[in-house]
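I opened this notebook to record what I looked up, item by item. The entries follow the order in which I checked things.

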Amino acid sequence: METVFVDILNIETRDELVGKINEEENRINSDTDLFAFFADPVNHSLSPKMYNTAFKELGMNRFYFASRVPEGMIRQAILKMRLMGIKGANISMPHKQAVMDELDEVDNLALLCEAVNTVVCVNGDQITSNQRLEELPILKGYNTDVVGAVTAIKEMGCDIKGSSVVVLGMGGAGKAVITGLADAAASEISVFVRKLRPKEHSRFASKIANAFPGVKVNVLSLGSGLRAKLEAATLLVNCTNVGMGDMEGKSLIPDITYLHSNLYVMDVIYAPEKTKLLEQAEAAGCKGFVNGLPMLIHQGEAAFKLYTGIDRELTIE
C-alpha cells in the first residue's frame with residue numbers, strides 16, 4: 001500500500017483534498033473519515049501504511065495521508081484540519097511542542113511531558129465529512145510516545161526500574177521518553193543536549209523530579225561528562241534527529257569506546273533502519289539495541305485506539 005503525500009497547506013477545500021488523494025486511484029469518497037501525519041520531513045514515515053492497513057483489514061471507510069509541514073507552519077495545518085473535517089492526526093518533529101498552543105484541550109500526560117504526538121477530533125461523531133463546518137471541531141492532544149517508548153525498551157529485555165539512563169535530546173520525543181522512564185521508576189536520567197538552555201531545561205527536569213519522587217533528572221551539555229555517565233548507565237536513548245535525513249551517517253556518540261557490553265541502546269529513528277548509533281552499539285557488543293520501529297508501532301496502537309476505540313496490534317506491510 002503506497003503512501004499518499006498531500007501538501008495540506010496549499011489545499012483550500014475538502015473536495016480539493018479528496019481529489020488530490022484520488023489522483024492516482026479512487027481510494028476514498030466524500031464520506032471517508034480522513035486522518036493525517038504532519039511533520040518535516042515526512043517521506044520516511046511508515047505511519048500511513050500502518051494505519052491504512054488496519055483500516056482496510058477492519059473494513060473501515062477511513063484513509064490516512066502524509067503532509068510535509070515546515071517548522072513554524074503547524075498553526076496553518078491545524079486550521080486546515082479543522083476546516084476540512086480531518087478527524088485525527090499524528091504529529092512528529094518539529095511540531096510536538098508547538099502544536100499544543102493550537103489545540104482546545106490537552107491530556108494530562110501530554111501536559112506533563114510538554115509534547116503532543118496525537119490529535120483527535122473529540123466531537124467527531126457530530127461532524128459529517130461532506131459539509132462545511134459551521135462550528136469548528138474540538139481538537140484534543142495526547143502523547144502516545146510515552147507508552148510506545150517504554151514498551152519498546154522493555155521488549156529489549158531492559159529493566160528500567162532502578163536503572164541509570166542517558167538520554168540524548170530534550171525535544172518533543174525526548175521529553176516523552178524522559179517522562180516514560182521516570183514513570184517506570186528509573187533512578188537517574190542524565191539528559192545531554194546540544195544547546196543548553198539552563199532555565200528551560202532545569203524547569204522541565206524539576207517538574208519531572210517533583211512528579212516522580214525518587215527519580216533524579218540532570219540536564220547537561222553534550223560532551224560534559226558523557227563518557228562517565230554512559231559507563232554507569234544501563235540504557236542509552238537517542239531522541240534527536242542525528243542519524244536521519246541530512247544527518248544520516250552521523251552519531252552524537254564520538255566513538256564505540258563510550259559504549260559497553262552491559263548497555264542497552266534505543267534510537268527513536270527508524271529510517272534508516274540502522275543508524276550510525278546502532279552500528280556503534282553493535283560494534284561495541286552492547287547487550288541489546290533497537291531502532292524506533294517498535295516504538296512507532298506501540299505508540300501507533302495507542303493512537304489507533306484513540307481514533308477508533310479499538311485495541312489492535314498494528315503491522316507495517
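I take contact to mean heavy atoms within 4.5 Å. The model is a predicted one.

Entry 1, helix α2. I looked up what the buried residues of α2 pack against, and found β1 (33–39), β2, β3 (88–91) and α10 (293–308). The buried residues themselves are S47, P48, M50, Y51, N52, T53, A54 and F55. That is eight of the eleven residues of α2, so I noted the helix as largely enclosed by the rest of the structure. I also checked the backbone just after α2, where G59 has a positive phi of about 70 degrees.

I searched the whole structure for aromatic pairs and got six. For Y51 and Y64, the ring centres lie 4.7 Å apart and the planes meet at 20 degrees; the cut-off for stacking is under 30 degrees, so I logged the pair as stacked. Y51 belongs to helix α2 (residues 47–57) and Y64 to strand β2 (residues 62–68), 13 residues apart, and the pair links these distant parts of the chain. Y51 is buried, with 0% relative accessibility. Y64 is also at 0% relative accessibility and counts as buried.

I found 36 residues in the largest nonpolar core, and L181, I189, V191, L235 and M266 have the most contacts inside it. At least two residues of this core come from each of α5 (145–155), β7 (164–168), α6 (172–183), β8 (188–193), α7 (198–211), β9 (216–221), β10 (235–238) and β11 (264–267). The largest share, five residues, is supplied by α6. Apart from this core I found another, of 32 residues, including I8, A36, F65 and V99. I then listed what I189 touches, leaving out residues up to four places away in sequence: V165, V167, I178, L181, A182, V215, K216, V217 and N218.

Which residues lie closest to the centre of the largest pocket? I computed the space in this pocket at about 870 Å³. It is lined by 30 residues, and E71, M93, P94, R194 and N241 are the closest to its centre. I sorted the lining by type and got eleven nonpolar, ten polar and nine charged residues. Both α3 (74–83) and α6 supply at least two residues of the lining.

How values were computed. Residues numbered from 1 in each chain as written. Predicted model: local features only at pLDDT ≥ 70, side-chain atom pairs only at ≥ 80, totals over all residues. Heavy atoms only, no water. Core = buried A, V, L, I, M, F, W, Y, C linked by side-chain atoms within 4.5 Å. Buried < 20%, exposed > 50% of the residue type's maximum accessible area, 1.4 Å probe, protein only. Helix = DSSP H or I, 4+ residues; strand = E, 2+ residues; numbered from the N terminus. 1 Å grid on protein atoms, 1.4 Å probe; cavity = no way out; pocket = protein on both sides within 12 Å on 5 of 7 lines; lining within 4 Å. Points joined across faces, edges and corners; volume = space filled by probe spheres on them. Nonpolar A, V, L, I, M, F, W, Y, C, P; charged D, E, K, R; others polar. Phe/Tyr/Trp six-rings, centres within 6.5 Å; stacked < 30°, edge-to-face > 60°.
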